[in-house]
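Please read them with the sequence and the model open.

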Amino acid sequence: MKSVAEVSNTQKRETASITLDLEPFDLQQTLDGGQAFRWYGNDDGSFRGILGSHIVAISCDGATVSAEFAGSEERDRVCRDMEDYLVAKTDVAKLRAVLANEPGFGSLVAEMPLIRVMRQDPWECLVSFICSQNSNIPRIKQMVAAVARMGWRIGAEDWAFELPDPKVVVDAGEMHLRKIGLGYRAKHLALTAEMLANWSNLGELRNASYYEAREALMGFPGVGPKVADCVLAYSLDKGEAFPVDVHVRRAAIRLYNLDDDVKNDAVGEWARDRFGEYAAWAQLYMFRDEINRRINGA
């Protein structure tokens, strides 16, 4: 682990910036709406967080996304990573054609900045959603940051660490994970890390079918259908994944007149039939629609 002095020297590296020309998108809901948990908002609407081994400050002005980071010699790599992370090559016109007329959220897809389905590192995404069970976004952030502190320090902030690989988590063990605040999730993460210690390239599942990849993920301790679908949607390119929680289930029943007693798996299959490769995008909007109704007392 780097010392604070070493981090200070690292931070003296020349700062670089990149810009991406994207369709206008909702920066706050994309980075801090329940997909990823290593971004921290600033008062001006920008965010700071970790992308690979870099601390990145990201902001959005209209259709332009700007990112700043230390290490100008790695500008091209960070640019590629950012394009990949934000799925910059999404066919927005096709997406809007599919979803613009949906009840409840279609007008938001058609007219407002988009909430984007991101392409995260699969291991980070799996750690995050194992931690997500029976929790909320601020608490999930705390747990993921605690796990990250077992990794390599890359900045002075208390969250500025590279996420450790599965072997580091195995060496730390379940009791340490409990000590840093994961509770019962510690057992699930420790066992999952042990299974992945000799096969850490979860990205290989991008080449599998949705159902094959889902079955593989559900073989890990603590990974049920909802956690599996989150990892599939937000890191493994499975646009047909449709994570169903209580909020999404309520939205599906309310917006589409599904039976009140419909099971979560049936909601997922219904969504794949209706939205196809854009099911994951629809899920983000249905989740947000339901949360907003709850906030507004509707």
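1. Asn257 is found in the loop between helix 12 and helix 13 (264-275); helices (H or I, at least four residues) and strands (E, at least two) are DSSP runs, numbered from the N terminus. Its phi is positive, about 55 degrees, although Asn257 is not a glycine. At 68% relative accessibility, Asn257 counts as exposed; the classes are buried under 20% relative accessible area, exposed over 50% and partly exposed in between, with a 1.4 Å probe and protein chains only.

2. On the basis of these notes: this is a predicted model, in which local features need pLDDT of at least 70 and side-chain atom pairs count only at pLDDT 80 or more, while totals for chains, interfaces and linings use all residues. Residues are numbered from 1 along each chain as its sequence is written, and side-chain values use heavy atoms, with hydrogens and water left out.

3. Asp237 also has a positive phi, near 65 degrees, in a residue other than glycine. Asp237 sits in the loop between helix 11 and helix 12 and is partly exposed, at 39% relative accessibility.

4. Lys238 is in the loop between helix 11 and helix 12 (246-256). Lys238 is buried yet has no salt bridge, a salt bridge being a side-chain nitrogen of Lys or Arg within 4 Å of a carboxyl oxygen of Asp or Glu. The nearest side chain of opposite charge is that of Glu240, 6.2 Å away; here Lys and Arg count as positive and Asp and Glu as negative, and His and the chain ends are not counted. Neighbours within four places in sequence aside, the contacts of Lys238 (heavy atoms within 4.5 Å) include Leu205, Arg206, Tyr210, Leu232 and Ala280.

5. The salt bridge count by this rule is 17. In one of them, Arg96 and Glu23 meet at 3.1 Å, N to O. This pair links distant parts of the chain, with Arg96 in helix 4 (residues 92-99) and Glu23 in the loop between strand 1 (15-21) and helix 2, 73 residues apart. Arg96 is buried at 18% relative accessibility, whereas Glu23 is partly exposed at 36%.

6. Glu157 and Arg48 form a salt bridge of 2.4 Å, N to O. Glu157 lies in the loop between helix 7 and helix 8 and Arg48 in strand 3 (residues 47-51), so the pair ties together parts that are 109 residues apart in sequence. Glu157 is partly exposed at 22%, and Arg48 is partly exposed at 28%.

7. Arg119 and Asp84 form a salt bridge, with their closest N and O atoms 2.8 Å apart. Arg119 is in the loop between helix 5 (106-111) and helix 6, and Asp84 is in helix 3 (residues 75-85), so the pair ties together parts 35 residues apart in sequence. Salt bridges that share partners join Asp84, Arg119, Arg206 and Asp237 into one network.

8. Which residues make the contact between helix 6 and helix 11? Helix 6 contributes Pro122, Cys125, Leu126, Phe129 and Ile130, and helix 11 contributes Val227, Cys230, Val231, Tyr234 and Ser235. By class, nine of these residues are nonpolar, one is polar and none is charged; Ala, Val, Leu, Ile, Met, Phe, Trp, Tyr, Cys and Pro count as nonpolar, Asp, Glu, Lys and Arg as charged, and the others, Gly among them, as polar.

9. Thr30 lies in helix 2 (residues 27-32) and counts as buried, at 0% relative accessibility.
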